[in-house]
Amino acid sequence: MSEIITLGKALNHGLRRTLEQNAKVIIMGEDVGKLGGVFRITDGLQKDFGDDRVIDTPLAEAGIIGTAVGLAIRGYRPVCEIQFDGFVYPAYNQIVAQVAKMFYRSKGHVRLPIVIRIPFGGGIGAVEHHSESPEAYFAHTPGLKVVTCSNPADAYSMIQQAVNSDDPIVFFEPKRRYWEKGEVDLAADLAGAYPLHASRIARAGTDATLLAYGPMVRTALDAAAAAAEDGRNLEVIDLRSLSPVDYDTIYASVRRTGRAIVVHEAPGNIGLGAELAARISEQCFYYLQAPVLRVTGYDIPYPAARVEEEYLPDLDRVLDAVDRSFGW
Amino acid sequence: MANGVSDVGADAPAGGFVQLLTPDGERIDSVTTADGVTYSVDFTDDEYRGLYRDLVTVRRLDAEATALQRQGELGIWASLLGQEAAQVGSGRALRPQDMAFPTYREHGVLYTRSIDPIMPFGLFRGVDQGGWDANEHRFNGYTIVIGSQTLHATGYAMGVTMDGKTGTPDGEAVIAYFGDGATSQGEVNEAFVWAGVFHAPMVFFCQNNQYAISEPLERQTRIPLYRRAAGFGFPGVRIDGNDVLASFAVTRAALDHARNGQGPTLIEAYTYRMGAHTSSDDPTRYRIASEVESWKVKDPISRFKAFLAKQQIGDDGFFAEVDESAKVLALDLRERVLAMPDPAPVSMFDHAYPNGSPEVDAQRRQFTDYHASFEGTDHR
């Protein structure tokens with residue numbers, strides 16, 4: 001029963017399925033109940049599953065994550081919504097000091113199967129704190145796993161896989177792609193789903209490898225389509241998992257193409273791209289025709305909406321980097 | 001449960017507190033608070049003697065730990081000296097099904113849960129980070145970041161409600177321990193909000209030992225801490241934290257209140273940290289000797305001993321036997337702490353993730369190979 005649905009609706013269907021399949025799954029966050037979340041990702045779930053499984057919480061992010069820890073110790077599987085990327089910081093202490101460490105601290109006795117959903121990234125014309133890309137903070141933290149989806153099909157399977165996983169997972173949702181549509185098989189068996197922490201070749205190519213995740217996968221695919229008109233056949237890899245990164249897929253690609261360009265919205269300094277560039281340089285040194293290049297947000301606070309299009313990596317900036325790689 | 005307390009106790013702070021045993025060892029049969037709630041205890045002589053044994057034992061074990069730290073056998077120790085009554089009384093008030101969320105100083109509560117007292121020593125010796133099963137022991141891991149565990153306790157208590165385990169006399173209740181300093185933390189205030197809003201079956205047990213390392217209570221609050229509860233919509237009660245009977249009576253009542261589905265309570269146990277914050281602290285830099293002396297006469301154990309002697313519940317033979325038993329336990333603890341092996345270095349890679357991680361696995365292999373490369377050399 002494949003359907004064409006939006007990425008946001010795919011998440012909604014995925015969450016619904018986890019609520020149906022496991023009575024321990026609960027959803028908690030600000031406005032997730034009657035309103036269905038400010039992006040409607042949890043639309044209709046409280047109505048169908050009750051207000052003790054889809055919980056409108058007080059307006060305090062540390063409280064959302066801190067109480068989720070206790071609920072997880074009790075045996076629940078909380079799926080926490082942080083309303084916007086820029087609002088996660090009050091919960092940062094609970095996430096990095098408690099969620100990430102309790103399994104280790106307890107020598108494996110205490111599992112915290114918590115999913116922290118965060119809509120992230122810019123491009124929606126929002127005010128400050130609503131367009132950030134804080135993924136590196138969490139990918140840098142041992143004990144957390146970090147994933148992000150780029151299309152409706154992945155959104156549907158990955159959110160279910162994340163909820164079913166016993167690892168604490170920060171699940172970044174590309175908010176400007178919430179309304180993008182794609183085909184999703186809602187009856188698909190998760191057992192046959194692509195592994196949660198595997199990257200995927202989103203477009204096969206031979207001349208250079210574009211590495212992107214979340215909202216930038218669409219940008220990279222668009223750039224690859226444009227480059228094809230210029231006779232360049234670019235491979236696009238959707239990382240999907242930011243911690244751990246599935247490096248084997250990346251190395252195999254770069255060894256074939258000899259060129260790698262990382263694209264992300266987050267500031268470049270100490271970002272995912274820096275780590276990817278270092279790893280590729282170590283592991284693919286003799287295969288590289290050019291240094292690994294990065295196309296990222298600038299190292300400034302996220303700017304005002306009227307100039308965000310100049311801040312965000314776009315098709316032209318990606319192609320410019322491709323040109324520079326070939327011109328090396 | 002009541003808001004407010006009676007004015008009993010000549011040594012009570014302004015506003016009073018619930019006290020059932022004076023510093024001189026005089027029993028007060030019952031205390032009725034301004035809100036009309038009456039607190040009392042009904043112990044047999046054996047139970048009184050058991051409480052005394054608890055108090056003496058946890059103090060003796062604590063002294064042994066302090067000595068072990070001074071001798072270089074523990075990296076650090078957070079002493080409970082002076083807070084034995086608050087911990088033993090509240091700990092003994094817990095029923096087996098109840099769940100406790102400690103800070104890093106609740107060795108006395110741990111002891112009352114019939115847990116082997118060596119359990120937290122790996123943490124202080126530096127051979128692990130705690131490493132116990134919170135659910136098995138009904139006692140969460142020691143939490144070092146100030147106040148974070150109050151939110152964990154609140155979430156756990158919400159889960160108790162969701163499981164339908166409240167509303168009956170044999171329901172479950174949850175207790176969260178924290179200190180006066182923690183009451184300034186945002187997370188603790190969020191826990192108060194959550195517990196109030198969700199009517200969580202829990203007790204917030206604040207040991208106000210007057211100091212957050214060096215900072216006195218006046219730097220944390222302008223009003224008595226128990227009165228904060230009113231602003232969050234649940235009762236607050238202050239007790240004489242050096243009175244094991246008040247600690248037991250009020251905690252037992254608050255836990256029953258919670259397990260019956262009547263919501264949270266804040267208990268402020270007014271006590272004093274007789275020792276340093278930890279073995280790394282030097283309290284002579286921030287408090288005067290006369291203050292410490294004024295609290296010595298309120299000692300939780302000497303008053304209880306005086307009461308037992310006056311009531312002829314305990315005699316010199318009993319007191320000597322308790323001291324001796326505590327000493328035996330302490331020496332046994334010492335031997336076992338000294339025998340704690342250092343962990344194998346490669347074990348540091350264990351338990352990073354429930355499902356493991358290819359990155360961690362690769363680093364574990366690199367680490368092993370690196371050390372194997374030195375085989376047959378002097379490298380250690």
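Two residues are counted as being in contact if their C-beta atoms, placed from the backbone, lie within 7 Å. The structure is a predicted model, in which local features require pLDDT of at least 70 and side-chain atom pairs count only at pLDDT 80 or more, while totals for chains, interfaces and linings use all residues. Residues are numbered from 1 along each chain as its sequence is written, and chains are lettered from A and ligands numbered from 1 in the order in which they are written.

Between the chains, 34 residues of chain A and 35 residues of chain B take part in the contact. On the side of chain B that touches chain A, at least two residues each are supplied by α5 (134–137), α6 (148–162), α7 (186–197) and α13 (358–372) of chain B; helices (H or I, at least four residues) and strands (E, at least two) are DSSP runs numbered from the N terminus. The most residues on this side, ten, are given by α6(B). By class, this side of chain B has 15 nonpolar residues, 15 polar and five charged. Ala, Val, Leu, Ile, Met, Phe, Trp, Tyr, Cys and Pro count as nonpolar, Asp, Glu, Lys and Arg as charged, and the others, Gly among them, as polar.

Chain A is assigned domain 1 (2–192) and domain 2 (200–326), with bounds from an automatic or database domain assignment. The C-alpha centres of these domains of chain A are 26 Å apart. Their contact takes 23 residues from domain 1 of chain A and 21 residues from domain 2 of chain A.
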